[in-house]
Amino acid sequence: MNTTTHPRIETRPLLEESVKPQSDRQSQERVIPTANPALVGLQLIVGYAWLLAGADKILLGTFPDQLSELLRTTTSSGRLPGLFVALLQGLVVPNAALFGFFIEWSETLAGLGLITAGLVTLLRPFAKRALRGRSAILFAYGDRLLVILGLLAAIGAGLLGLSYFMLDGIPAPWFTPGVAYGGAMDTGLFLAAASVVIIAGQLKQGDKTKHRA
């Protein structure tokens with residue numbers, strides 16, 4: 001019986017197995033996920049809306065001083081839920097100046113956070129192709145940080161939108177012929193709902209970032 005081995009034949013499968021994963025890794029490295037332009041566009045629009053709202057209050061200069069009177073007028077209208085009125089009268093109105101300062105800067109920072117995170121999301125594919133070495137590492141750390149900041153900004157924006165929806169008396173988002181020229185959906189509710197969509201997108205982006213790390 002001929003027991004002579006053939007090195008070329010025996011080593012060929014090993015060589016194929018060692019080469020194939022390497023080519024697969026190289027092809028995976030070349031595939032760079034792109035951003036969802038519709039989701040990023042929504043994020044930029046919502047961020048710009050909150051940036052305008054907060055910056056206008058800051059530029060006004062008297063919003064914290066005016067907040068107390070505004071809340072007294074709103075709570076006396078009879079349109080707000082009783083629990084929400086009790087919260088405003090017991091906690092917010094006595095500290096109106098502090099809450100006014102908090103509101104104007106929260107809106108501004110939420111807007112800036114959403115806009116910055118959205119722009120970085122758009123630039124991410126180009127940066128991953130162009131940056132190398134230490135610059136790529138720094139961008140990756142900054143990218144992860146902005147994903148977290150974008151998520152926090154979206155949560156804050158959602159809470160702000162929900163609070164404005166409640167201050168408007170929780171109008172039903174349904175067909176209302178009496179306001180046919182103004183639209184029946186409350187702006188605060190729209191911004192809160194848009195923030196929920198952005199939060200879902202940020203969570204998905206965070207999962208992708210972890211898998212690529």
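1. A residue is called buried when its relative accessible area is under 20%. The structure discussed here is a predicted model, and both Arg124 and Asp143 are buried in it.

2. Arg124 and Asp143 are joined by a salt bridge, with an N to O distance of 2.7 Å. This pair links distant parts of the chain, since Arg124 belongs to helix α5 and Asp143 to helix α6, 19 residues apart. In general, side chains of opposite charge can pair when their charged atoms come close.

3. The count of salt bridges comes to two. Glu107 and Lys57 form a salt bridge in which the closest N and O atoms are 3.0 Å apart. Lys57 is in helix α2 (residues 37-60) and Glu107 in helix α5, so the pair ties together parts that are 50 residues apart in sequence. Glu107 is buried, at 0% relative accessible area; Lys57 also counts as buried, at 17%.

4. Eleven residues make up the largest nonpolar core, including Phe63, Leu67, Phe84, Val93 and Ile103. Helices α3 (63-75), α4 (82-92) and α5 (96-130) each contribute at least two residues to this core, and the largest share, four residues, comes from α4. Beyond its neighbours within four places in sequence, Phe63 is in contact with Lys57, Gly100, Ile103 and Glu104. Another core, of ten residues, lies apart from the largest one; among its members are Val46, Trp50, Ala157 and Ala194.

5. Leu145 lies in helix α6 (residues 133-167) and is partly exposed, with a relative accessible area of 49%.

Methods: Residues numbered from 1 in each chain as written. Predicted model: local features only at pLDDT ≥ 70, side-chain atom pairs only at ≥ 80, totals over all residues. Heavy atoms only, no water. Buried < 20%, exposed > 50% of the residue type's maximum accessible area, 1.4 Å probe, protein only. Core = buried A, V, L, I, M, F, W, Y, C linked by side-chain atoms within 4.5 Å. Contact = heavy atoms within 4.5 Å. Salt bridge = Lys/Arg side-chain N within 4 Å of Asp/Glu carboxyl O.
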